[in-house]
Amino acid sequence: MTYKRLTLRHKRAARGRGFFATGRGRSFFAARWGRSFLAAGRIGAARIAAGICAAAAALCMLILIVAAASAPKPLQIYFIDVEGGQSTLFVTPSGHSLLIDTGWAGNNDRDADRIVAAAKSAGIRRIDFVLLTHYHADHTGGVPQLAAEMPIGAFIDHGPNREQDADTEQVFEAYQKVLADKGIKRITAKPGDVLPITGLHATVVSADGAVLEKPLSGAGEANPACKIAEKLPDDASENQRSLGTMITFGKARILDLGDLTWDKERLLMCPANKLGRVDIFVVSHHGSETSDSSALVDAIGARIAVMDNGATKGGDPATWLRVRNAPVLEDLWQLHLIEAQSSGEQVHNVLDRFIANLAGADTGHYLKVAVWSDGSFDVVNSRTGATKHYPAR
Ligand SMILES: [Zn+2]
């Protein structure tokens, strides 16, 4: 009996708790297992979802990194403030570099320091080529200071100095000493030469008083601006020997003629325009009265002009008007507010936002142009941080 009772109790107990229990027991277990299963399912799904999201995020990050790495990069051009001299740094997307002129000597290495700062900003530690347009102190004076601060691959110039002026001779000798002391390669260029710079195409258009004999590809149209009579005495200085270049990056064309004077401009531009159209014009000779003739500025049809003037150097009123009023020109940018002219004439200036350095303490702000191969470009004013975009035309 005891056995029977026990068996019965065990059977009842087994019915209530057993795995194959029926009735209330089954619902209880089923519900418990179901909740566990569902809960486990939710956790699993959440983990899977989290895994997918993490994988997707990683994939997105990878795509962004790859896209950033493969996105087209611009040619960077720094118009460095050397207080009325010239120093313009070109850095290609692959990090190759060309510096046109070095600014002045002296001033506690001010100009060399500013060039090094611009190079650092562009991510380079050496300059592949330093092109000297001519041997005046505001262009070549800074060579010893720069060479002391930064490695230079090679110099490019127009040949011997032919100006018998004590300052110019001293600047040229200091340059020759740097070449000899450091064993840096010197390239002498002539019109028509293509400079050996990777990542951009630079053709010499003027050097040592000579200019291109034939028009550049796509150029050669008759130039109606040659009829505008501007007659000045021919220049006999180093200025008219300036080494000028047409730089092409993709569809963009950039013209830098150093301090080339009006008489050599006419040889380049009259009766036919040997240069063709330009997007970015580095205003010749800081905007001085003997350069930037109508024959040049009207015919090149630049979209923007950048004037490397100082507070009281360059920016001659008549020249400023010729450059600013040139057909097609969208904007003139100035490295400095023009505060006064030695002639006492009333000065002209663009709006402040187009000027890198205003009156007062000089902090050496630069203008930077980022040029894309489709011909579009941005101008950044380092004083304001503002950027102006110029779409491809
Ligand atoms: Zn100059």
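**Two open sheets, one chain**

Strand β5 (residues 152–157) runs parallel to β6 and is joined to it by four bridges. This is a predicted model: local features need pLDDT of at least 70, side-chain atom pairs count only at pLDDT 80 or more, and totals for chains, interfaces and linings use all residues. Residues are numbered from 1 along each chain as its sequence is written. The protein chain holds nine helices and 19 strands. Helices (H or I, at least four residues) and strands (E, at least two) are DSSP runs, numbered from the N terminus.

**Whole chain**

- Of the 393 residues of the protein chain, 40% count as buried. Buried means 20 or more other C-beta atoms within 10 Å of the residue's own; exposed means 12 or fewer, and partly exposed lies in between, with C-beta atoms placed from the backbone.
- Among contacts in the protein chain with a separation of 6 or more, 69% come from residues 24 or more positions apart. A contact requires C-beta atoms, placed from the backbone, within 7 Å.

**The nine-strand sheet**

- Nine strands form an open sheet with mixed pairing, in the order β6-β5-β4-β3-β2-β1-β17-β18-β19. Its edge strands are β6 (185–188) and β19 (387–390), and each pairs on one side only.
- On average, neighbouring strands of this sheet are turned by 20° against each other, direction ignored. Axes are lines fitted to C-alpha atoms, for helices over the stretch in contact, and angles run from 0 to 180 degrees between N-to-C directions.
- Two strands count as paired if DSSP finds at least two bridges between them.
- β1 and β2 run antiparallel, joined by four bridges. Here Y78 is bridged to L89 in β2.
- β2 and β3 also pair in the antiparallel sense, over four bridges. T88 stands opposite I100 in β3.
- The hairpin of β2 and β3 has five residues between the strands, and G95 takes a positive phi near 90° there.
- In a regular strand the side chains alternate between the two faces of the sheet. From β2, T88 and F90 point one way, L89 and V91 the other, and all are buried.
- Helix α3 (residues 110–122) lies across β1 (75–79), β2 (88–91), β3 (97–100) and β4 (127–131). α3 runs at about 20° to β2.

**The eight-strand sheet**

- Eight strands make up an open sheet of mixed pairing, ordered β8-β7-β10-β11-β13-β14-β15-β16. β8 and β16 (355–357) are at the edges; each has a single partner strand, so one side of each lacks a neighbour in the sheet.
- Strand β15 (residues 331–336) runs parallel to β16, with two bridges between them. H336 has N357 of β16 as its bridge partner.

**Helix α7**

- The buried residues of α7 (residues 262–269) are W262, K264, E265, L268 and M269. They lie on the same side of α7 because they cover an arc of only 155° around the axis. That arc is taken from the directions from the helix axis to the C-beta atoms.
- Their cover includes β7 (201–207), β8 (210–211), β12 (272–273) and α8 (294–300).

**G315**

- G315 sits in the loop between β14 (304–307) and α9 (317–324). G315 counts as buried because it has 28 C-beta neighbours inside 10 Å.
- Not counting residues up to four places away in sequence, G315 touches G287, M307, N309, W320, I338 and V347.
- G315 and G84 are 231 residues apart along the chain, and their C-alpha atoms are separated by 9.7 Å.

Terms used
Two residues are in contact if their C-beta atoms, placed from the backbone, lie within 7 Å.
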